[in-house]
Amino acid sequence: MADIVQLKEDGVAKYLKTHADAIDGIDGKLVKASGNETILGTKNFQDGIQIDGSQVGLVNDACWCEDFAVNNLAAGKVNPDIQRFYTSNAEAFSASGKVITIKKSGVYLMTLGVNYTGLNDWLSFGISRLDGTSLVNRNLLGSSTSGSNSLTYVRSFDGNDELRIEFNSGTAGTTMQKINLAIVKLA
């Protein structure tokens with residue numbers, strides 16, 4: 001094996017620019033510690049990824065809520081009771097009656113799915129704060145009289161934010177046959 005020769009320029013030791021290319025077992029270039037660059041291939045970070053000391057990526061905090069049926073919705077706003085509630089972390093989520101509490105600050109992904117029958121006018125479904133402020137909703141105006149629909153939403157929440165599922169209808173009579181809400185903490 002040849003020796004790596006260190007050159008001196010004006011009395012300062014310098015390595016040849018091709019030094020990294022000369023290392024056995026290194027294919028391609030090394031990743032720089034600063035600056036922008038494109039990195040190809042899959043990289044698995046065994047100890048996780050952090051930005052400013054906060055863990056990034058999917059966190060094992062999630063909750064699932066469901067309601068079996070809300071029959072014959074009244075016109076106007078309706079907030080159904082949560083029939084079932086499950087969570088992977090009770091320190092992150094809780095539910096009581098109509099209210100889901102997000103206890104930890106962070107970025108969350110929410111997916112709300114509904115099945116409905118008897119739609120004869122307009123109906124919107126979504127997620128609101130306990131104070132009635134709508135966060136996200138989808139309008140089923142012009143949809144078929146029965147079917148299914150869903151919405152997905154990503155949002156940052158403060159600890160102890162209280163949320164509820166919300167329906168709003170122009171006329172009475174629509175039945176929500178199955179309601180599912182999943183909330184997952186992303187970061």
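Q: What share of the contacts in the protein with a separation of 6 or more comes from residues 24 or more positions apart?
A: In this predicted model, residues 24 or more positions apart account for 70% of those contacts. A contact here needs heavy atoms within 4.5 Å.

Q: Which secondary structure elements does the protein have?
A: There are 15 strands and zero helices.

Q: How many aromatic pairs does the structure hold, and what makes the pair of Phe93 and Tyr108 edge-to-face?
A: The structure holds two aromatic pairs. In one of them, the ring centres of Phe93 and Tyr108 lie 5.8 Å apart, and rings pair if their centres lie within 6.5 Å. Their planes stand at 80°, and over 60 degrees counts as edge-to-face, so that is the name for this pair. The two partners come from distant parts of the chain: Phe93 sits in strand S8 and Tyr108 in strand S10, 15 residues apart.

Q: What makes Tyr108 and Phe157 an aromatic pair, and of which kind?
A: Good one to check by hand! Their rings are 6.0 Å centre to centre, against a limit of 6.5 Å, so they pair. The angle between the planes is 65°, which is over 60 degrees, so this pair is edge-to-face. Here, too, distant parts of the chain are linked, with Tyr108 in strand S10 and Phe157 in strand S13, 49 residues apart. Both Tyr108 and Phe157 are buried. Phe93, Tyr108 and Phe157 form one aromatic cluster.

Q: Why is Gln177 called partly exposed?
A: The relative accessible area of Gln177 is 41%. Buried needs under 20% and exposed needs over 50%, so Gln177 falls in between and is called partly exposed.

Q: Where is Gln177, and which residues is Gln177 in contact with, leaving aside its neighbours within four places in sequence?
A: Gln177 belongs to strand S15 (residues 175-185). With those neighbours left aside, its contacts are Asp67, Phe68, Ala69, Asn115, Tyr116 and Thr117. The C-alpha atoms of Gln177 and Asn71 are separated by 7.6 Å, although the two are 106 residues apart along the chain.

Q: What is the phi of Asn72, and why is Asn72 called exposed?
A: Phi of Asn72 is near 50°, a positive value in a residue other than glycine. For background, most residues other than glycine have a negative phi. Asn72 lies in the loop between S5 and strand S6. Its relative accessible area is 53%, over the 50% cut-off, so Asn72 is exposed.

Q: What about the phi of Asn160, and why does Asn160 count as exposed?
A: Asn160 has a positive phi of about 70° although it is not a glycine. The residue is placed in the loop between S13 and strand S14. Its relative accessibility is 56%, and exposed means over 50%, so Asn160 counts as exposed.

Terms used. Residues numbered from 1 in each chain as written. Predicted model: local features only at pLDDT ≥ 70, side-chain atom pairs only at ≥ 80, totals over all residues. Heavy atoms only, no water. Helix = DSSP H or I, 4+ residues; strand = E, 2+ residues; numbered from the N terminus. Phe/Tyr/Trp six-rings, centres within 6.5 Å; stacked < 30°, edge-to-face > 60°. Buried < 20%, exposed > 50% of the residue type's maximum accessible area, 1.4 Å probe, protein only.
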